[in-house]
Amino acid sequence: MLAAALALPGLAATLPAAAEAPPTSAEFALHYAHYQDFQNDQQRIRVNTPSVFLLLPIGEQWALRTTYVTDAISGASPLFHDTLSGASGKGVADIRRALDLEATRYFDRGSVAFGYARSREDDYDSDALRVRGTIESADHRTTWTLGVGVSDDTIDTSTSNRIALDENRDTTDVQFGVTRVLTPVDLLSASVVLSHGTGYYDDPYKSLDHRPDERNQHVLLLRYHHHFRDHDSTLRGSYRWFGDSWDVDAHTFELEFEQSFGDGWSVTPGLRYYTQSAAEFYFDPPFPAGFRPGEPYSADTRLSAFGSLTASITLSAPLGDGWSGDLRFAYYRQESDWRAFGDGSPGVELPAARSYEIAFRRTF
Amino acid sequence: MELHRIDFRAMASPCECQLWCEDAVRARTALEAARDEVLRIEAKYSRYRDDSVIGTINRGAGGAPVRVDEETAALIEFAARCYADSDGRFDITSGVLRRAWNFREGIVPDVATVAALLPSIGWDRVEWHAPELRLPHAGMELDLGGYGKEYAADRAASVLAVHGMRHALVNLGGDVRVLGPRPDARPWRVAIQHPRDEGALLAEIEAHDGAVATSGDYERWFERDGRRYSHVLDPRTGWPVAGPRSVTVVAPLCVVAGAHATIAMLHGDDAPAYLERVGLPHLLVDREGRVSGHFAASAR
């Protein structure tokens, strides 16, 4: 009956947005992602990522969310990183196991979430704790978010090249965000994340890679959603600005358009443009004349100036018996010439990638 | 901030809008626009005016289909939904029962008079292919009075919202719509009329947002030979339903609160079960005067 009432002209706009409510049903999801990148028509890194997600409401005011992921990475690391060492072709094979636990307590006008994340690889361990609080305005149209997090990472390649031996990195971050429901069909949100990290940042698998032992980062994220009620579709736009103390400046523009066809069917095409400037200590290979031992230096093209485009399409479908499924295909391409500012690495061939993801979900 | 208000009469009821605003001129403009919106709806849907949409539809009964505008179509769709959800108890064709029941005179009609009207009642007989509607035979009538006041309260709130008002209340003859809490974040306090003791209050409901609507057997009624005949008429029989003295429902929109309160009354003694199924906060006084529902604790 409420749906019919909301169809009456002008009434929907006066309703307060729904408050963030504790989940009332449990959810179980299986997700599988396959990523394959290639360079010079050669297949390089393959990543297969199965994951399991479980959401459990506990009592009326608590909810527990758990994600368990394993990544199996295989293939060569990017060819040009090894121009000096000549150790090219050594395959990378690694398995990552990661667990994320989050307990959320809901209140009338807000929530507090406590999270713990743990990740284990042969050469990289990470443990992180976070607390995030949200509070809503009396009209439920504005939500403020404040969060803090700490992480403790250990890099140890003693079982392979013995370059990093029990190296450590500590990171602290704070985030502040505000989300405002402008009208029942327009949502605007802004958030800022500041992070400060100290410790070991080098890539132990790259020759002569040496980076500063401090990295301060800032991220500004703006998001806008608009729902077209007449067409049952939603446009999602976002802009992200990233900057750090290594002189990397990055901008991401993303647009997604979700079209529903009723009964749980929908198609979502998306396009993302990303551009970054190079880190101040990045040098294009080959080995530059200006190199001084002990000074920061990296030839990791992930720190070069480049631009990239990602095109994706997602199909969501009801599968019956409480199940639903998503299928997503994405194509990614990175080019030096697509950068919006800074010097690129014109001589370097950058990777392209294909990925597909499949997910099954059920609520109880 | 100061409290501003406007009082007026519409839809045969005393009406008021109240709002908190720093700017007296803006407040006045908003209040007058809200009142004008209520008067617009009254004129458009009055069954007493031949030039109203309802007048046009009713005059065309038995004739060609009448094409209705978007707002009317949405109102008719809402009524169709209520008809389906209430197993035919909420019916916008039931107004013809007025010809048999005169609550001012207080005369019990004879069984044959009521029965003769029943063929003219039934939403399922109406030919509704939006946006065209046809009442299949002369004598049938459409009456949106059952929820027009509630709709007008919601629309008045929309008008206030468009004028930037965030702390407002609309009360059209007891159908209350709240638009945001008071500026100090405290809720508006809505008093509920006692169904038997006129002038006494039954309870008080606090509302930050949303709507409160009450339906009772005490608006129009008469007593004959020790029996109480109320205006709560079941369109399927044409006779009053004996049941709760009053039902109050709290919902996000006034049309929704009002429709549920009306349908609950039409369920008679099964009203508590119906309200339980609906799941919205409510307050019920049964035929013996016993109070139940979410706000029963605050009832006096």
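A residue is called buried if 20 or more other C-beta atoms lie within 10 Å of its own, exposed if 12 or fewer, and partly exposed in between, with C-beta atoms placed from the backbone. The model is predicted, so local features are given only at pLDDT of at least 70 and side-chain atom pairs only at pLDDT 80 or more, while totals for chains, interfaces and linings use all residues. Residues are numbered from 1 along each chain as its sequence is written, and chains are lettered from A and ligands numbered from 1 in the order in which they are written.

**View 1. Strand E13 of chain B and its two partners.** Helices (H or I, at least four residues) and strands (E, at least two) are DSSP runs, numbered from the N terminus. Of the 6 residues in E13(B), 6 are buried. B:Ser246, B:Thr248 and B:Val250 point one way from the strand, and B:Val247, B:Val249 and B:Ala251 point the other way. Two strands pair if DSSP finds at least two bridges between them. Strand E10 (residues 210-216) of chain B runs antiparallel to E13(B) and is joined to it by 6 bridges; here B:Thr214 has B:Thr248 as its bridge partner. E14(B) also pairs with E13(B) in the antiparallel sense, over 4 bridges, and B:Leu284 of E14(B) stands opposite B:Val247.

View 2. H7(B) covers residues 271-278, and its residues B:Ala271, B:Tyr274 and B:Leu275 are buried. Seen down the helix axis, the buried residues fall within an arc of 95° (taken from the directions from the helix axis to the C-beta atoms), so they line one face of H7(B). B:Ala273, B:Glu276 and B:Arg277, on the other side, are exposed. The buried residues pack against strand E13 (246-251), H6, strand E14 (282-285) and strand E15 (291-293) of chain B, where a contact between two residues is scored when their C-beta atoms, placed from the backbone, lie within 7 Å. B:Gly279 follows the helix and has a positive phi, near 80°.

**View 3. The largest nonpolar core.** A nonpolar core is a set of buried Ala, Val, Leu, Ile, Met, Phe, Trp, Tyr and Cys residues joined through C-beta atoms within 7 Å. The largest has 89 residues, of which B:Ala156, B:Leu160, B:Val170, B:Val255 and B:Ala257 touch the most other members. Helix H6 (residues 254-266) of chain B gives the most to this core, 10 residues. The core lies between domain 1 (2-39 + 153-298) and domain 2 (53-142) of chain B, because both give residues to it; the domain bounds come from an automatic or database domain assignment. Leaving out residues up to four places away in sequence, B:Ala156 touches B:Cys17, B:Ala34, B:Glu37, B:Val38 and B:Val170. A second, separate core of 9 residues includes A:Trp246, A:Val248, A:Tyr282 and A:Ala305.

**View 4. B:Cys82 and its surroundings.** B:Cys82 is found in helix H3 (residues 70-85) of chain B. B:Cys82 is buried because 26 other C-beta atoms lie within 10 Å. Its contacts, not counting residues up to four places away in sequence, are A:Met1, B:Phe90, B:Ala259 and B:Ile263. B:His260 is 178 residues from B:Cys82 in sequence, yet the two are 8.7 Å apart in space, C-alpha to C-alpha.

View 5. The open, antiparallel sheet has 3 strands in the order E3-E5-E4. Strand E3 (66-67) and strand E4 (127-129) are its edges, each pairing on one side only. E3(B) is joined to strand E5 (residues 132-134) by 2 bridges, and B:Val66 has B:Leu133 as its bridge partner. The loop between E4 and E5 holds B:Pro131, and the peptide bond from B:Ala130 to B:Pro131 is cis, with omega near 5°.

**View 6. Two loop residues of chain A with positive phi.** Most residues other than glycine have a negative phi. A:Asp166, in the loop between strand E7 (142-155) and strand E8 (167-183) of chain A, has a positive phi near 50°. A:Asp166 counts as exposed because it has 10 C-beta neighbours inside 10 Å. Phi of A:Asp232 is likewise positive, near 50°; this residue is found in the loop between strand E10 (214-228) and strand E11 (233-244) of chain A. With 13 C-beta neighbours inside 10 Å, A:Asp232 counts as partly exposed.
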